[in-house]
Amino acid sequence: MDLGFTFFFNSILLGLGLSMDAFSVSVANGLNEPKMRLRKLFIIAFTFAFFQAAMPLIGWVCVHTAVNQFEAFSKFVPYIALIILCYIGISMIVSSIKNKGEYEKPRVGVLALLMQGIATSIDALSVGFTISEYDFLEALLSALIIAAVTFVICAVGLKLGKKFSTKLSSKATLFGGIILVLIGVKIFLDGFLS
């Protein structure tokens, strides 16, 4: 096991790159729920971190066991992310328009949070190819570093969203929904064009 500077540096860079979509969704969640308690903030950040760690490990297992099946599935990743994020984002936009700017207490529910976690991390399955030369313990440690980076970045995103939400309270749900739709389109285009 070679756990030198390069290993940790690469794992941190992977964490930064993979967590950008989760960061944007965290900002949208913070916009959507300006009075979010610290406990919920930690739960949301942990959920994103969990999925960002789990997906590369699943990808690593796929590379070592069923690479042909994974390659067939990977074509659908951009479509899945687009559908999930657009569904949640459009629901938020419709809710905002129906309420005509009236402020209510929107909440990020468990199902929506799980869908967001999957949608923003599903592209991390391909990281299994990047870390395929690692043994299992190295892959696990790399995934834990990715999770730690994602947790911190998502917590910051939630705090930023909450901060700006108080200034944009009547439009927060609309902005949050638009952000989710744009992230879904970005993931789709990235996957479709690559």
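## Salt bridge

The predicted model contains one salt bridge, the term denoting a side-chain nitrogen of Lys or Arg within 4 Å of a carboxyl oxygen of Asp or Glu. Glu 33 pairs in this way with Lys 40, and the closest N and O atoms are 3.1 Å apart. Glu 33 is buried, at 3% relative accessibility, whereas Lys 40 is partly exposed at 22%. Here buried means under 20% relative accessible area, exposed over 50%, and partly exposed in between (1.4 Å probe, protein chains only).

Residues are numbered from 1 along each chain as its sequence is written. Because the model is predicted, local features need pLDDT of at least 70 and side-chain atom pairs count only at pLDDT 80 or more, while totals for chains, interfaces and linings use all residues; side-chain values use heavy atoms, without hydrogens and water.

## Aromatic pairs

Six aromatic pairs are present. Rings of Phe, Tyr and Trp (its six-membered ring) pair if their centres lie within 6.5 Å; planes under 30 degrees apart count as stacked, over 60 as edge-to-face and the rest as tilted.

One of these pairs, Phe 7 with Tyr 134, is tilted, at 5.2 Å centre to centre and 50 degrees between the planes. Phe 7 belongs to helix H1 and Tyr 134 to the loop between helix H6 (127-130) and H7, so the pair ties together parts 127 residues apart in sequence. Helices are DSSP runs (H or I, at least four residues), numbered from the N terminus.

Phe 50 and Phe 51 form an edge-to-face pair, with 5.4 Å between centres and 75 degrees between planes. Phe 50 is partly exposed at 46%, while Phe 51 is buried at 12%.

## Nonpolar cores

A nonpolar core is a set of buried Ala, Val, Leu, Ile, Met, Phe, Trp, Tyr and Cys residues joined through side-chain atoms within 4.5 Å. The largest has 22 residues, of which Ile 131, Tyr 134 and Ala 139 touch the most other members. Helices H1 (5-32), H2 (38-65) and H7 (136-167) each give two or more residues to this core; H7 gives the most, with seven.

Apart from this core lies another, of 20 residues, including Val 25, Ile 84, Ile 183 and Ile 187.

## Helix H1

Helix H1 has 28 residues and reaches 39 Å from its first C-alpha to its last, close to the expected 40 Å, which is 1.5 Å times one less than its number of residues. A kink of about 45 degrees is centred on Met 20, the bend being the angle between axes fitted to the seven residues ending there and the seven starting there.
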